[in-house]
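Here is a short briefing on charged side chains and how they pair. Look at the structure first, then read the points below.

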Amino acid sequence: MSLSRRNFVIATSVAAGGSMVLSACSSGSSNTGKGTSKGHGGADKYTGAVVVGTREDSTGPAPEVAGAQKGGTIRGISPDDFSHLDPQRIYYSWNSEIGNLLIRGLTGYKIASDGTMKLVGDLATDAGTMSDGGKTWAFTLKDGLKWEDGKEITVEDVRHGIERGFASFTTEGAGYAQQALTGATDFRGKYKGPFSGKHLDSIVTDASAKTITFKLAESRPDFNFTLAMTSYGAVPVKGDSKEKYDKDPVSAGPYRIKAHSIDKSMTLVRNEHWDPKTDAIRNAYPDSFAFEFGPESLQAADRLIADSGDDQYAYMAYSGVPAERIQKVLTDPDLKKRTFNGLLTGIYYYAINTKRITDLKVRQALIHAWPLEQIRKIYGGPSAGDYATSILSPDIMGYAKDDVYGKLKKPQGDPEKAKQLLKEAGKEGQKIVYAFPQSNTYDKTKVVIENALKAAGFDPVLKPLDSSSYYDQIQQIDNKFDVMWFGWAPDWPTGYTLIQPLFDGGTIANGANNISQLNVDWVNEAIKKNVTIPDPAEAGKQWAALDKRMMTEEAPIIPETFQRRFYLHGSKVGGAMFDPQYSSAVIYKLFVKA
């Protein structure tokens with residue numbers, strides 16, 4: 001799979017999008033439970049609500065969850081086991097969810113009860129100090145940090161975790177920091193990892209001062225966001241069992257692994273050496289967590305609807321409420337009270353091949369013609385998500401909710417406007433080859449898309465592709481498709497992680513993610529400029545402005561949806577809320593009700 005792997009969210013249980021993967025990572029807008037919104041039980045904050053916190057924000061303990069109490073066991077139900085527990089081998093959000101209880105890095109996200117986030121120091125005293133235009137980043141470790149065996153967590157352990165990302169056996173993890181530290185895409189050609197007996201010259205530690213400094217090869221004002229990825233968690237130098245570490249990692253978090261039966265179950269118990277005073281992010285209410293692997297979403301939903309025995313203490317750990325049960329759950333007040341939901345990270349969209357559809361007016365006509373309303377009805381209606389109208393998603397800093405083409409007013413499509421644009425372009429009857437992955441869902445959406453294109457004056461040609469090779473086919477620069485279904489989620493909530501992988505002309509290649517094959521000088525230059533803006537708020541504004549200009553002047557995609565997922569939990573589970581970073585539960589806020 002050539003898509004970035006961080007998020008690995010099934011394309012929403014409600015949307016029944018099959019098993020297609022929304023690429024890359026990071027956060028979605030969280031449901032707050034306050035106010036009302038059509039189709040679901042709460043209002044999302046469309047604010048790009050991520051800020052960089054202060055030293056005070058980084059100081060533990062974490063704020064208490066209202067009504068929470070210690071004790072008991074929370075039970076997670078999931079169809080799949082965690083594929084990796086070694087932080088340097090973690091990219092999927094599902095693995096990062098469990099990582100929240102075991103793994104700590106220099107920075108992390110402090111999530112408020114309303115779903116807004118602050119980037120704060122986790123092992124570090126704050127979110128870092130930047131200098132030299134973003135090429136140098138310095139951090140100081142907190143006092144009182146310990147591993148599960150009681151040994152001190154040191155700056156050497158932090159450095160070791162990052163250097164391990166260069167090792168030959170950690171290829172599943174992220175590579176952003178490695179590239180920034182070496183200036184090389186092929187970073188393993190520059191450094192072989194700590195087991196070679198050498199350290200990176202670009203990482204400087206001072207054990208007595210508890211400081212670690214990164215000397216980057218390129219300016220990265222958002223490097224402190226990069227370090228919040230699970231892939232850059234600390235690993236003890238003296239407790240590293242290399243490849244075996246994936247099965248038995250040493251915990252720095254509030255829980256440790258007691259037992260793990262592969263593909264069957266996992267039990268976590270308290271890490272007695274974790275000090276809440278060192279942790280501004282995590283609570284630790286249950287005495288233990290017990291995960292059960294195997295039940296699919298329908299089976300899990302039915303068990304939680306029944307709410308008997310141990311299932312009263314259980315929650316859907318990653319697969320959400322399936323389409324077969326969503327209406328039952330949302331129309332039953334008692335069941336609905338036992339749900340939490342939020343928008344999945346990133347955006348689903350249709351890439352327009354700008355090398356084949358070279359006329360801007362034709363691309364604009366496609367956007368006007370596209371039947372968002374009819375597509376979402378097939379996905380499950382408003383409960384399946386919100387209409388997307390921009391490149392940036394609600395979780396991105398600076399998100400402005402721009403709607404250049406008025407799709408919120410006419411989500412069903414505007415065939416007359418599309419016809420007008422085609423006439424102006426002299427392209428009436430333009431053939432459009434639309435490619436999509438074969439599945440029950442997309443076999444249905446192709447019908448409404450075909451009808452909408454015909455109504456707008458296009459000549460649609462449908463190309464269903466085998467889902468197992470779908471990405472391999474559309475990620476060829478000489479493909480014969482004009483419009484292609486696609487999805488992307490950011491690896492951290494800044495515009496760079498959405499716009500650069502998808503629209504930087506330098507990324508056009510076989511197997512790459514610039515499916516639109518956009519290569520425009522002013523876009524490329526803006527990406528290079530925006531990524532070096534040191535002030536996060538200003539950078540957010542510039543990314544939003546670039547988004548709007550790209551949609552207006554280039555129209556490289558047809559935004560579709562910010563998809564939503566609903567989860568169900570038992571009646572004895574408290575503190576359940578949607579994790580805007582990993583599209584699951586904020587696991588460390590859960591507690592057992594009295």
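Glu218 and Arg220 join their side chains in a salt bridge, with an N to O distance of 3.1 Å. The model is predicted. Side chains of opposite charge can pair when their charged atoms come close.

- Glu218 has a relative accessibility of 21%, so it counts as partly exposed.
- Arg220 has a relative accessibility of 14%, so it counts as buried.
- The cut-off explains the two labels, because buried means under 20% relative accessible area.

**A buried pair and its network**
- Asp279 and Arg282 form a salt bridge, and their closest N and O atoms are 2.9 Å apart.
- Both Asp279 and Arg282 are buried.
- Shared partners tie Arg104, Asp122, Asp279 and Arg282 into one network of salt bridges.

- Arg75 and Asp310 meet through their side chains in a salt bridge of 3.7 Å, N to O.
- This pair connects distant parts of the chain, as Arg75 and Asp310 are 235 residues apart.
- Arg75 sits in strand β4, residues 73-78.
- Asp310 lies in the loop between α5 (297-306) and β14 (314-316).
- Arg75 has a relative accessible area of 30%, so it is partly exposed.
- Asp310 is also partly exposed, at 46% relative accessibility.

**The whole structure**
- How many salt bridges does a search of the whole structure find? The search finds 26.

Technical notes. Residues numbered from 1 in each chain as written. Predicted model: local features only at pLDDT ≥ 70, side-chain atom pairs only at ≥ 80, totals over all residues. Heavy atoms only, no water. Salt bridge = Lys/Arg side-chain N within 4 Å of Asp/Glu carboxyl O. Helix = DSSP H or I, 4+ residues; strand = E, 2+ residues; numbered from the N terminus. Buried < 20%, exposed > 50% of the residue type's maximum accessible area, 1.4 Å probe, protein only.
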